[in-house]
Amino acid sequence: PIFTCKLWLYILWKFLTSVLLKMLDIGTDLAAASEHFERRDWLYGILTLFFVYLPGFTLSAAFTIWGLFYKKVGEPPQKKEFTLERLGRYALLLFLFPLIYPIIPIALAFLMIYLMVRQKGKKPKKFMGHDLAQFKSLEGFLESGPSFCLQTYILMLGYHKGTNIDWHNIKEDDLERLLLLSFSSLMSFVNLVKTAYKVNIPDPDERRLQPQYPQNCKCFKLTLLLFNIFCILFRLTCISYFFVYLRQYATIIIFAGFLVNLVAYLLGGSMLSIAIVLSAISLFVPNGYLLYNFAGTLEVNFSLEGSRMVFLGSTIGVNLVWGGGIAAIYGLIGSDLKWILRDDIFFSGEHDLHYRYVLWSNTVLGILGILSILFGLLHWFVSVRQLFEEPTDEMQENAPPSDEENAQCNDEENPPAIDTPDNDTAAAMEMKTIES
């Protein structure tokens, strides 16, 4: 069989987004941590490594709790006896597994690409997509988001070896650090946007409370991408900005945003446990409002009314809370300027310049917040709401083929090279080995 140009481009795209992007994201985080340790910024270095460690630790903690307290074996199923030996094994899993976790999604992506090249089709994507989606969700929301906030916070603060950076005479050493932290923030931002884009696509599962019709949404990908970019950029930058100028009081704003999300998910019909998880990761961008299963793990299954409550509540409500934080900084400028123009920020020697910087930043963030709400409304009315409307016969005839239909057509155009019993047996054994 001959590779089509479309299949080659698809494989190249998967390599760039699933392998190269992830390697750059992890690599820049490790390089940033090394830079912090080299300059004796111990807290920044430890936090950077902790955010790389956090997704794997979360997953291993879930495995440990399940294995120690919920796993059942035998007939009839019974819990295993709690022993120190079992506790020791799970303790090793809890703390050592996160060290190799960053390599796992890269290895899985490599394996998927290798199988697509070898089998000359997209079938490996069908049975490996679930695992990759789980890993990407954890990485995006537990590693990329916090890492972006941390590195952006350091850039805003301008803190360097216990002294402020002289922005009128930036040395080569300072420039190297600024470029590294900026690139690390960019990679984290791109990875988070990609994750939010992948996990908030239509999920027309047969078990849904209310069916979805992806053929209704011709501009879904475009509206989703625009909304994710502006919403994530606004919310993450605001979190860093709040910690710079409001210090510890920024946690009040973040907790208020979490409560707004929690109320929206509960009103949408979500279970409390699922609502808590989704409310936390939706601080960056609304999540889980379309899926039957979030990352193939958490059952969501909202109807149109539930999706509306969650999406609009999280989009508008959290942005208004963030807007309250911006207004608080405006209020402090007018009432207590010394609170804002503190001595340990890089503009401390030039109060007029620092004052204009704060006003300019507040204005830009306010515009970003308004744009993210507008793009959220556009995404809802143009794409999401249409997703739940049953199409007419004419719409079905004119609808473009779905991704599953395209994949099926591609597999038909690229059948196995040789259809013999030996090859079929070998392929079946290979599939079973990979699945196990």
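## A buried residue at the end of a helix

Leu 157 is buried, with a relative accessible area of 5%, where buried means under 20% relative accessible area, exposed means over 50%, and partly exposed lies in between (1.4 Å probe, protein chains only). This leucine is found in helix H5, which covers residues 123–157; helices (H or I, at least four residues) and strands (E, at least two) are DSSP runs, numbered from the N terminus. Leu 157 and Phe 243 are 86 residues apart in sequence, and their C-alpha atoms are 9.6 Å apart in space.

## The model and its confidence

The structure is a predicted model, in which local features need pLDDT of at least 70 and side-chain atom pairs count only at pLDDT 80 or more, while totals for chains, interfaces and linings use all residues. Residues are numbered from 1 along each chain as its sequence is written, and side-chain values use heavy atoms, with hydrogens and water left out.

The pLDDT is the predictor's confidence in each residue, from 0 to 100; its mean over the protein is 81, and 80% of the residues reach 70 or more. Over residues 412–424, however, the pLDDT is below 50, and this stretch has 10 contacts in the model beyond near neighbours in sequence, a contact being heavy atoms within 4.5 Å. Where pLDDT is low, the predicted coordinates should not be read in detail.

## The overall fold

The protein has 15 helices and six strands, and of its 436 residues, 45% count as buried. Among the contacts with a separation of 6 or more, 79% are between residues 24 or more positions apart.

## Aromatic pairs

A search of the whole structure finds 15 aromatic pairs. Rings of Phe, Tyr and Trp (its six-membered ring) pair if their centres lie within 6.5 Å, and planes under 30 degrees apart count as stacked, over 60 as edge-to-face and the rest as tilted. The rings of Phe 227 and Phe 311 have their centres 5.2 Å apart and their planes at 55°, so this pair is tilted. The pair links distant parts of the chain, since Phe 227 lies in helix H7 (residues 220–245) and Phe 311 in helix H10 (residues 304–335), 84 residues apart.

Phe 227 is buried, with a relative accessible area of 0%, and for Phe 311, which is buried, the value is 0%. Ring pairs link Phe 227, Tyr 289, Phe 311 and Trp 380 into a cluster.

## Where H7 meets H10

The axes of H7 and H10 come within 10 Å and cross at roughly 35°; axes are lines fitted to C-alpha atoms, for helices over the stretch in contact, and angles run from 0 to 180 degrees between N-to-C directions. The crossing of H7 and H10 is left-handed, a term used if the near helix is turned anticlockwise from the far one by less than a right angle, with right-handed used if clockwise.

The residues that make this contact include Phe 227, Phe 234 and Arg 235 of H7, and Phe 311, Ser 314 and Trp 322 of H10. The residues of the contact of H7 with H10 divide into 12 nonpolar, four polar and one charged, where Ala, Val, Leu, Ile, Met, Phe, Trp, Tyr, Cys and Pro count as nonpolar, Asp, Glu, Lys and Arg as charged, and the others, Gly among them, as polar.

Phe 51 lies in helix H2 and, at 15% relative accessibility, counts as buried. Not counting residues up to four places away in sequence, Phe 51 touches Leu 142, Glu 143, Pro 146, Ser 147 and Leu 150. Phe 51 and Leu 150 are 99 residues apart in sequence, with their C-alpha atoms 9.5 Å apart in space.

Leu 186, found in helix H6 (residues 172–199), is partly exposed, with a relative accessible area of 43%.

## Residues in loops

Asn 301 is found in the loop between strand E6 (298–299) and H10, and is buried, with a relative accessible area of 10%. Leaving aside neighbours within four places in sequence, Asn 301 is in contact with Arg 207, Arg 208, Leu 209, Leu 291 and Tyr 292.

Most residues other than glycine have a negative phi. Arg 40, however, has a positive phi near 65°; its place is in the loop between helix H1 (5–38) and helix H2 (42–69), and Arg 40 is exposed, with a relative accessible area of 63%. Arg 247 has a positive phi of about 55° although it is not a glycine, and its place is in the loop between H7 and helix H8 (250–267).
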